[in-house]
Amino acid sequence: MESPEIMEELTGIFRDVLNDESLKLTPELTAADVPQWDSFNHINIVAATEVHFGIKFKTAELEQLRNVGEFVKLIDSKQKLKHR
Amino acid sequence: MVFASYNFLFIFLPIALVGYYLAAKVGATQAIAWLVLASLAFYAAWNPAFVILLVCSIAFNFAIGRMLLAPEREEGTKSRNRLLFIGVAGNLLPLVFFKYLGAMLSFARSISLVSPEFDFKVILPLGISFFTFTQIGYLVDCHDGEGKDLDIIRYAAFVTFFPYLIAGPILHIRDIGPQLLNPDSCRLRFRNLSIGASFFIMGLAKKVLLADPLAEVVGIGFAHPGDFRMFTTWLYALAYSVQLYFDFSGYSDMAIGLACMFGIRIPINFNSPYKSRNIIDFWQRWHITLTRYLTLLLYNPLAMYITRRRMRAGHDASHRDNRTVGAFGSLVVVPIFLTMILAGIWHGAGFQFLLWGLMHGVYLTINHSWRMFGPKAVGKDWGRLAKAGVVVCKVGVTYLAVLAAQVMFRASSVGAAMQMLGGMIGLHGIDAFPVPGSAMTVLRHLGPLHKFLTGAHHLLTVPGEDSVPAPASLALRFFIVWALPNSQTIMAKFSPTLTAIRDNGPRLLTWQPTARWALALGILFAVCLMCLHQTKVFLYFQF
């Protein structure tokens, strides 16, 4: 799956968890830019992403993420590992 | 040895700095080895015997880390988990022995579980809670495959680096590992020295000029928790609150400045917490690295575990499905309370620390439930004045909640804390409202009004004794807390920390490498030196 597709599917997950249908994801977006994106919703986003893409994240991987773009890259690399 | 002492400033620090940059001429590894030696000497200045404990702890954790990272273990997840368990237990054992065993025994005595003669007293090794947590974090990171290229010298430097060894910030290996591996870090740059020294002086001033002068009077107030009427009790509670603020914030600034002088950047630990608009916000500004640590190692894994289980049971993570009381209980309340209880007892074995953690657990739960079930988007179309009023109310309510918990935190026992809190709501009677002497002078010109306020009704008074905090000195400190930019904003242009800070302070208070700033900070430093004889040990050294 290519990055733009991942971004699109991720947008759906974010909108669903954060209850904001107008939310637009950009690679530079961070949790600080979205008021509802707190520690609680962060867990939900991560868990929903795991289920959606059929992958599992490690604690250390998640801590290093700076923005949505890096999250997309991480999902991408995880999926490639899975299909190898 | 504390940072605010002549021995540290004029003997230890110059030797450590000169040795470091001389050793760097030979090689980066030599410079880092010097740093480890200097840090151990710093620790030994307090109690040489415990250096052995520190060194053993470093050797143990490095060995376990190596075993976790060994390539043949990559596959065998079970044996790696077992190894991690042994490692964590090996860290917690000395912590429990030194920090909690005495208290547990005295509790056991009080309920007649053990004989009354059976006593056990031991001094708490300085910084043990900090270096224990740092190293447990390191083992978890090794378990996840991080920290591969660190040798024993660099690992020892990561644990012992004296700016943060005793009272944090609590670092992860990824914060500092890459910097220790980069030979460029130990190259002498005057920029690092001047930025570091400036940051250090701001921290020193907070500690010496703003926190320490309150120590004595706070001690008096909390030693006699039931003896004061309402407004005086408030003065004591507020005095402790700003003392703790400037003590901890001053320490954090000094740690950042010192690390910077050695070419090392560390994250901020403190970001104007009393400006928080809610409790969730507060925990992202107060003891930031402890919050980060507990979130990462306790809250997240716990919440992830519960969430994954819920999803397997057929729930989804959508907003709709999470807005039920059951989901709220298992997803928010359980992990928050467990995390805050641990945060509480991390500070010590007393019940008041446990209750402090529980209070914050309740606050956070209220905050989260308001976010989830409360009204949305109220006041979007309000005017500017109304919006500003709302912000003031939010900051005020958050601060009051924090203050009540701090009284619990400082009190010698739960009973003493209840006395204090009772005094604050007027259970021990109401006294005249304390005002600064200067305000009273102004009032004196108002004739009859002045007579009414200070006369028979005795509504206002100027606290006369030295044993009561002066209202004006508290007002000055709260002005600095609420109205001025913090040190990292003042220094933001020169990125002295690992944390990205927005450079949005007023221009007059933006640090520049100019003669004017050098002069101002030089004067501040001189004033601090003159007051150094009355310094107190940092409040966070007891944890």
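Colleague: How many aromatic pairs does the count come to over all chains?

Modeller: This is a predicted model, and the values that follow are computed from it. Rings of Phe, Tyr and Trp pair if their centres lie within 6.5 Å. By this rule, the count over all chains comes to 48 aromatic pairs.

Colleague: Is the pair of B:Phe133 and B:Tyr293 stacked or edge-to-face?

Modeller: The ring centres of B:Phe133 and B:Tyr293 are 4.9 Å apart, and their planes stand at 20°. Planes under 30 degrees apart count as stacked, whereas those over 60 count as edge-to-face. The angle of 20° therefore makes the pair of B:Phe133 and B:Tyr293 stacked.

Colleague: How many residues apart in sequence are the parts that this pair of B:Phe133 and B:Tyr293 ties together?

Modeller: Both B:Phe133 and B:Tyr293 are buried. B:Phe133 belongs to helix 5 (residues 128-143) of chain B, and B:Tyr293 belongs to helix 12 (residues 288-312) of chain B. The pair therefore ties together parts whose separation in sequence is 160 residues.

Colleague: Over the ring of which residue does the charged end of B:Lys99 sit?

Modeller: For a charge to sit over a ring, NZ of Lys must be within 6 Å of the ring centre and within 35 degrees of the ring normal. The charged end of B:Lys99 lies 5.4 Å from the centre of such a ring, and the residue that carries this ring is B:Trp346.

Colleague: What area is buried between chain A and chain B?

Modeller: The contact draws 21 residues from chain A and 23 residues from chain B. Carbon and sulfur atoms give 61% of the area buried between the two chains. That buried area is about 2100 Å².

Colleague: Which residues of chain A lose the most area to chain B?

Modeller: Three residues of chain A together account for 31% of what that side buries. They are A:Phe40, A:Ile43 and A:Glu63.

Colleague: With which residues is B:Met304 in contact, leaving aside its neighbours within four places in sequence?

Modeller: B:Met304 is placed in helix 12 of chain B. Its relative accessibility is 7%, so B:Met304 counts as buried. Once neighbours within four places in sequence are set aside, the contacts of B:Met304 are A:Ile43, A:Val46, A:Ala47 and A:Glu50.

Colleague: With which residue does B:Arg308 form a salt bridge?

Modeller: Across the interface of chain A and chain B, the rule finds 1 salt bridge. For B:Arg308, the closest N and O atoms of its salt bridge are 2.4 Å apart, and the partner is A:Glu50.

Colleague: Is B:Arg154 buried or exposed?

Modeller: B:Arg154 forms a salt bridge with B:Asp151, in which the closest N and O atoms are 2.9 Å apart. B:Asp151 is partly exposed, with a relative accessible area of 30%. For B:Arg154 the relative accessible area is 7%, so this residue is buried.

Colleague: What is the N to O distance of the salt bridge in which the side chains of B:Arg189 and B:Asp184 meet?

Modeller: B:Arg189 counts as partly exposed, at 25% relative accessibility. B:Asp184 also counts as partly exposed, at 32% relative accessibility. Their side chains meet in a salt bridge with an N to O distance of 3.0 Å.

Colleague: Are B:Asp281 and B:Arg285 buried or exposed?

Modeller: B:Asp281 and B:Arg285 form a salt bridge, with the closest N and O atoms 3.2 Å apart. As for accessibility, both B:Asp281 and B:Arg285 are buried.

Colleague: How many salt bridges does the structure hold over all chains?

Modeller: Some residues are joined in a network of salt bridges, among them B:Asp141, B:Glu146 and B:Arg174. Over all chains, the number of salt bridges is 12.

Colleague: Where is B:His287 placed?

Modeller: B:His287 has a positive phi of about 45°, although it is not a glycine. With a relative accessible area of 1%, B:His287 is buried. The place of B:His287 is the loop between helix 11 (279-283) and helix 12 of chain B.

Colleague: How many disulfides does the structure hold over all chains?

Modeller: A disulfide requires cysteine sulfur atoms within 2.5 Å. For the sulfur of B:Cys186, the closest cysteine sulfur is that of B:Cys260, which at 15 Å is too far for a bond. Over all chains, the number of disulfides is 0.

Conventions: Residues numbered from 1 in each chain as written. Chains lettered and ligands numbered in written order. Predicted model: local features only at pLDDT ≥ 70, side-chain atom pairs only at ≥ 80, totals over all residues. Heavy atoms only, no water. Phe/Tyr/Trp six-rings, centres within 6.5 Å; stacked < 30°, edge-to-face > 60°. Helix = DSSP H or I, 4+ residues; strand = E, 2+ residues; numbered from the N terminus. Buried < 20%, exposed > 50% of the residue type's maximum accessible area, 1.4 Å probe, protein only. Contact = heavy atoms within 4.5 Å. Buried area = accessible area lost by both parts, 1.4 Å probe. Salt bridge = Lys/Arg side-chain N within 4 Å of Asp/Glu carboxyl O.
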